[in-house]
Amino acid sequence: MKKIKYNKYLTCLLILVVTSHFSCKKFLDAKPDQKLAVAEGLTELQGLLDNFAVLNQTTGGTGEACADNYYMELANWEALPYPDLQRIYTWEKDNLFAQDGRINEWNANYTAVYYCNSVLSGLERTARSPENHATWDNIKGQALFFRGQFLLRTVVLWAAAYDEGTAKQDLGIPLRLSENFNEPTTRASLEASYQQILLDLNLSASLLPVKATLPVHPSKPAAYGLLARTNLAMRKYEQAGRYADSCLNLYSKLMDFNQIDVEASFPFQQFNEEVILWNRILAPRLINQSNGKVNPDLYNSYHDDDLRKKAYFDTNSDGSHRFKGYYEQLAAPFGGVATDEIVLIKAECSARAGNVSAAMLALNTLMVKRISEDKFSNYAASSPGEALTLILNERRKELLWRDLRWMDIKRLNKEGANIILTRKLGDKTFQLQPNDLRYALPIPEDVIRLSGIPQNPR
Amino acid sequence: MDKDSYYARNLFNLYSAANTDGVAVSKIPPGGILDLSESGIRANQWRGQFNFDKNWGYHQLSVLTGAETRETNTTGNTYRTFGYDSDNLAFGSVDVTTTYPTFVNGSSSFIPDNRSFIQQTLRFVSLFANGAYTYKEKYTLSGSIRRDASNLFGVSTNNKWKPLWSTGVSWNIAKEWLENAKGVEELKLRITYGFSGNTDPARVAVTTLFNQGNSVYTNSPFYSFDQFANPDLKWETVSQANAGLDFTFLNHRLSGSIDGYIKTASDLFGVVPVDYTTGVGFQIQKNVAKIQGKGIDLVINSQNTNGVIKWSTGLNLSYHKDVVKEYYQTDLNAANFMTQGNPRVSAVEGQAIYGIYAYRWGGLEPSNGLPQGLVNGELSKDYLDITGSTTQISDAKYYGSALPVYYGSMGNTIAYKRFSIEARLLFKLGYYFRRSTIDYASLYSQWSGHSDFARRWQKPGDEKSTDIPAMTYPMPAGMSNFYQNAEPFVSKGDHIRLQYITLNYRYVPGNGIKLPFKTINFYSSLANLGLIWKANSNGIDPDYATSYSSLTPPLTIAAGIRANF
């Protein structure tokens, strides 16, 4: 009798445990927050790429802050709140980047790369079917494009200018290509770094649609445009010219400054006709409107008939000038791909190939939209050298606050341009000689410490 | 927000622009801005339990087993209406998908729409069983097992269940030997061993995403990362062995317990800085160390006098010392362990788990009042160097634990007739803390001051009497970080605190006296009386020294009447 009673208890207990275990599985699978999701499925992966704060609107602009489009007054320089910002201005050999929890460009670039890697891994877990293949391919293309874009930004800042002869030995950048963050970071060679960028962008060009719904999303012309820029940085002018052509064949609209209110405080719309891929740079405050005054030599190089002189600059009360020609309709540098840049790449590469007429034709398609229409006459050159000088001069004047000048200085010095950068602070003068080791900026010291990768030679 | 509120007027004006006729037109309809939000919480709890008790002969068995589930559901939403007029309930519409130039500087931006939905579900399940078997009322064998689970760890994880078990034996000495001994009411020895595993909310089987709402650009949802799945993260396991003695002597006038324990935690979780080239942020949860803690807890309650004046004392004393046994991470840069606020798990074997470290200090430079560090015994003002990889944790000065090693409290109650007075003292000893001081970096950027500013170096000679650096502008790189974490700003935390004093008058009407209550108490109490003694000479209460802006709680005086009916 007693025994039966115990058995009853035990049975009840067993039923309780077993049933609770089965129902628990489902009970505990509920999302704690309805807004949580897993990185697979096309909606979620596109959702990661739509995180514009990571991929389209990113901390950067260090290159622009190192370049010579602007200068700072001593008082403004002294008032910079962080020593790392002050050190950027004078190209110190170390500690140029925040290491106190503020986001620096290295961090921003590699966070974006991680998003791309997660999307690429997520795609492997998401079946590609006849119904979804167009979207699937598009997402893959976008992720590859963004990875290429951020790796390119990184290599331009933290590695020496590309030189075909030494690139296999030169230090490149970490190529993080997987979502496994436990993998140790290592530095690839400069050659391998550029090859990876070219690979990503080439593959993305084959996957992306000819036209994106918005310039927020990468498209084929954006990939070709970035390939042109990458090859230009590598001084592979023939390829750069070809990719510029491929881009312009798909999209070549230019804004006519004659049709724009150049007096406005911000004359250019955020998604204006020239924008192929939108990126806004959250730049160091050195180059904001109150600190970064326009290099006077640069300002004086604009002819009065040049509409850019009014569209790009405003005069400060002390007679100096500030930049206002952002392609953003607010005071933030544009870091994306736009047709004016690609037209200039095409012109430059034609000139370097000796094709003066093609070079001048490309240059004039741009200049006719930049010079007051009643004053414009076609630019002409009698030799490739003359054409190149003209084009590089216009490139310098067109692409301001676009985070492109640093790359240009590096590659042009490799071509023998002998650009010497000079800063003045009070009675102190600082100079950066062509091809100085400091052209490869110091990798943030905390990254060196935590990862053990080698620092750039000083 | 009313139409005349700053918020409504500002938004209206911000999105205004002159039209072709030169008339100012706003993209926002005139009127107030109405934000309606709504939220609800629903909670369910269910518990089932079996109890089983059985006595036969010398044997005694009791078993308890059961299960429990809980669920909390939170839902909510917020919606914004522009151009709202409460008189006639009129409202307008705006286009939140386009950017408009703003009035002040012409930069373009979206109209903030302030719409959101919330739906959160938290679920917990527990299964538990306890059992005890006693023989002859002297020897007891007990065990308990428990598993808890929740859906907290993300959308789909393999680690919802958390195990917990313990087992123990006890021996009633009083029953065994001292049954007839006078003055010994209870004497019992206990030994237990317990084990538990902890998983961390950061441990998810798959990386999870969080929907950030709709992108203003694409009008589709966009995601950010919520938790990163880290296959290398292991369970934190804690085992604890405990031996204790419970006693009651002298006709219950003296009772208490003494417990000693050894606790070992392996794969302890800790936050460590991570190489952010990985793309997952600046720091990450990792298994950082194996630690061991030893301690003794003593509780004594005594009735000291029992006559007209009744005096009783309650005393708690704890001693706890923990040390790092092993440290698994390789980055031993001192800067990682000198955080303001909560200290990190320390890396040096044999030192306290949460230790206080400081940069070595070389005093202020006599000519300009700049702080100097010591690197290999040499004075240095290369602050970036000192706070960088030059100072490893072994180079920094180690003070001791950031947590009290000795902790205790003593309460005394003295009662005389209807009056009683009670006071409680609390003490914490054997630990250190980092004081805040003037931070010139935040002084320059946010105007945040500090009383140390008055004691700063101002002229040569001051360095003999102060360690507060001179105000310099611009400040050398890394200086702020260096001196705030240097030796002068670490103090001993030891202190004794008078926690409260209560005076009570209790009246119980005798038989035959008719009053509407059974008992009545008149009382008055003083709380937060402050420190009686402290080791630091800076006038700082160490319990409230962690943050720049924390205040000690003010003295509270309360008086009241309490009646039972």
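Reader: In this predicted model, what does Ala112(A) touch, leaving out residues up to four places away in sequence?

Author: Ala112(A) touches Val54(A), Leu55(A), Thr58(A), Phe146(A) and Phe150(A). These count as contacts because the criterion is C-beta atoms within 7 Å.

Reader: Which residues have the most contacts inside the largest nonpolar core?

Author: Ala112(A) is one of them, along with Val155(A), Ala223(A), Leu227(A), Ala228(A) and Ala244(A), in a core of 172 residues. Helix H8 of chain A, residues 133-158, gives the largest share, 12 residues. Another core, of 9 residues, lies apart from it and includes Leu11(B), Phe12(B), Ile28(B) and Phe82(B).

Reader: Why is Asn198(B) called partly exposed?

Author: Asn198(B) has 15 C-beta neighbours inside 10 Å. A buried residue needs 20 or more and an exposed one has 12 or fewer, so a count in between is partly exposed. Asn198(B) therefore counts as partly exposed. Asn198(B) lies in strand S11 of chain B, residues 184-198.

Reader: What makes strand S1 of chain A and S12(B) a pair?

Author: Pairing requires at least two bridges between the strands. S1 of chain A, residues 36-38, and S12(B) have 3 bridges, in the antiparallel sense. Within S12(B), Phe210(B) is the bridge partner of Leu36(A).

Reader: How many residues does each chain bring to the contact between chain A and chain B?

Author: Chain B brings 61 residues and chain A brings 56 residues. On the chain B side, S8(B) gives the largest share, 7 residues. By class, that side has 27 nonpolar, 28 polar and 6 charged residues.

Methods. Residues are numbered from 1 along each chain as its sequence is written. Chains are lettered from A and ligands numbered from 1 in the order in which they are written. This is a predicted model: local features need pLDDT of at least 70, side-chain atom pairs count only at pLDDT 80 or more; totals for chains, interfaces and linings use all residues. Helices (H or I, at least four residues) and strands (E, at least two) are DSSP runs, numbered from the N terminus. Two residues are in contact if their C-beta atoms, placed from the backbone, lie within 7 Å. Ala, Val, Leu, Ile, Met, Phe, Trp, Tyr, Cys and Pro count as nonpolar, Asp, Glu, Lys and Arg as charged, and the others, Gly among them, as polar. A nonpolar core is a set of buried Ala, Val, Leu, Ile, Met, Phe, Trp, Tyr and Cys residues joined through C-beta atoms within 7 Å.
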